[in-house]
Amino acid sequence: MTWLESLGAELSARGVPPRDRDLIVLELNDHIKCEPGCDDRLGDPRELAVKFADELATSRARRSALYAFLALALTAVALATSQLAIEAAGGYPGFTNGISLLLFFPALVGIFFAPQVALVTGSLAALRAIRRRRTPRLPAAEIGLITRRARIALLAGFGTVAGLWLYLANFATRFPGWYLSLMGGLSVAAAVALAWAYRDLRRAQTIVSASPGAAGDVYDDVPLIGWRWLRNRPWRLGLAGSLIVGVGATAVATHAERSLQEGLQRGLIEGLGCAIGFTLLGRSVGLFSNRVADPQLANSRLDDQPDG
Amino acid sequence: MPNDALGGQLDPLILATIAEEPAHGYAMLQRLKQRSGGTFDLAEGTVYPALHRLERDGLLTSSWSTESGRRRRIYRITKAGHSALETRRTEWRIFANAMEAVFG
């Protein structure tokens, strides 16, 4: 096997996309042809492939996180429009006036809870990608964290769009044609953007990085919540977050509905939703500190690690 | 010279070499070696990931041409690359002057 064939095989083994792999091999082929016999000065093809893969995995993961955020922003526009335009479309139809409650309740989950998951995980993915934009090679664990956050955010985005479609289907006979057309168009545009971002993310995830190091957690992303009493006991963050969301939702709903009972109901549901989301997704998206077992690491920050 | 010994100066060295004239990878390495009087005789393969990274960061741009029947990738410095190079040059001069002053 020639040096170039070895390089091509090593790049493939690390999941470097065929187009990138072929261009790298083509470029190195030109180098070798410039001075026949210089292969030995190019170094070990395996080490070179690892370097290419590590840097490409880093850059594609960051890019996919930002694409995911943009696609989610479009989804947020669709969702916000559905709420802002509803008064002009005749107001909320009332949940018993639709085709079926079997459509209404899944729609409610999609419209109320999925956007919150998308907002938190999508923002955390984009925040990490932006904070670490100058680092050429991120640890494989950190790349995994960014892509996991982006993946969960995009799936929640799809959940939001599905919720909108179910909502429109359930009340199709109650809403005017212009509202159905507007929301249908916006939600299809959001779905296309989400699918495009998801495709980019899947491609980024095929590239295998071997760079060592820790993934870090939410305390690295948001220094304001980096207090030790929160970091050392992850459930405290979940509890504090759920209480803040619950109290906030109670206050907003009480003011909007002019009813404390209505406000408390909404606040309880939002707070419980936050606690369930934290429990189910906390570890995957880095809300739990994974360094509490080591007191020295527990007090360090990800930025203390050497870059790449 | 191992690339590690450059202590993070590989990127500005590549930018400075390509700022002089657009070049493909091999020509850039030869120019770098020549201008440094043979001191910067780098591990050649590892320069390519750096070239690709600088292109992704928008500091270099590249185009393909055909030379003697084979495809060749030519790198050019961008406006952002010139600006980054100027910044690194200034930082280096401050550092070098300080070192010189201390060494005497």
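Reader: Leaving aside neighbours within four places in sequence, what is A:Ala125 in contact with?

Author: A:Ala125 is in contact with A:Ala65, A:Ala68, A:Phe69, A:Ile146, A:Arg149, A:Ala150 and A:Ala153. Contact here has a cut-off: the C-beta atoms, placed from the backbone, lie within 7 Å. This is a predicted model, where local features need pLDDT of at least 70 and side-chain atom pairs count only at pLDDT 80 or more, while totals for chains, interfaces and linings use all residues. Residues are numbered from 1 along each chain as its sequence is written, and chains are lettered from A and ligands numbered from 1 in the order in which they are written.

Reader: Ok, and which residues have the most contacts inside the largest nonpolar core?

Author: Those are A:Ala68 and A:Ala125, in a core of 91 residues. A nonpolar core is a set of buried Ala, Val, Leu, Ile, Met, Phe, Trp, Tyr and Cys residues joined through C-beta atoms within 7 Å. Buried means 20 or more other C-beta atoms within 10 Å of a residue's own, exposed means 12 or fewer, and partly exposed is in between, with C-beta atoms placed from the backbone.

Reader: Which helix gives the most to this core?

Author: Helix 3 of chain A, with 16 residues. Helices are DSSP runs of H or I with at least four residues, strands are runs of E with at least two, and both are numbered from the N terminus.

Reader: New topic: how many residues of chain A are in contact with chain B?

Author: 18 residues of chain A are in contact with 15 of chain B. On the chain A side, helix 2 (18–34) and helix 3 (45–84) each supply at least two residues. The largest share, eight residues, comes from helix 2.

Reader: Where does A:Ala210 sit?

Author: In the loop between helix 7 (177–205) and helix 8 (218–221) of chain A.

Reader: Is A:Ala210 buried, exposed or partly exposed, and why?

Author: A:Ala210 is partly exposed, because 14 other C-beta atoms lie within 10 Å. Not counting residues up to four places away in sequence, A:Ala210 touches A:Val50, A:Asp54 and A:Ala140.

Reader: And how far apart are the C-alpha atoms of A:Ala210 and A:Asn97?

Author: They are separated by 56 Å, and the two residues are 113 apart along the chain.

Reader: What's the secondary structure of chain B?

Author: Chain B has four helices and two strands, in the pattern α-α-α-β-β-α along the sequence.

Reader: How much of chain B counts as buried?

Author: 32% of the 104 residues of chain B. The C-alpha atoms of chain B fill a box of roughly 55 × 30 × 20 Å along the principal axes.

Conventions. Two residues are in contact if their C-beta atoms, placed from the backbone, lie within 7 Å.
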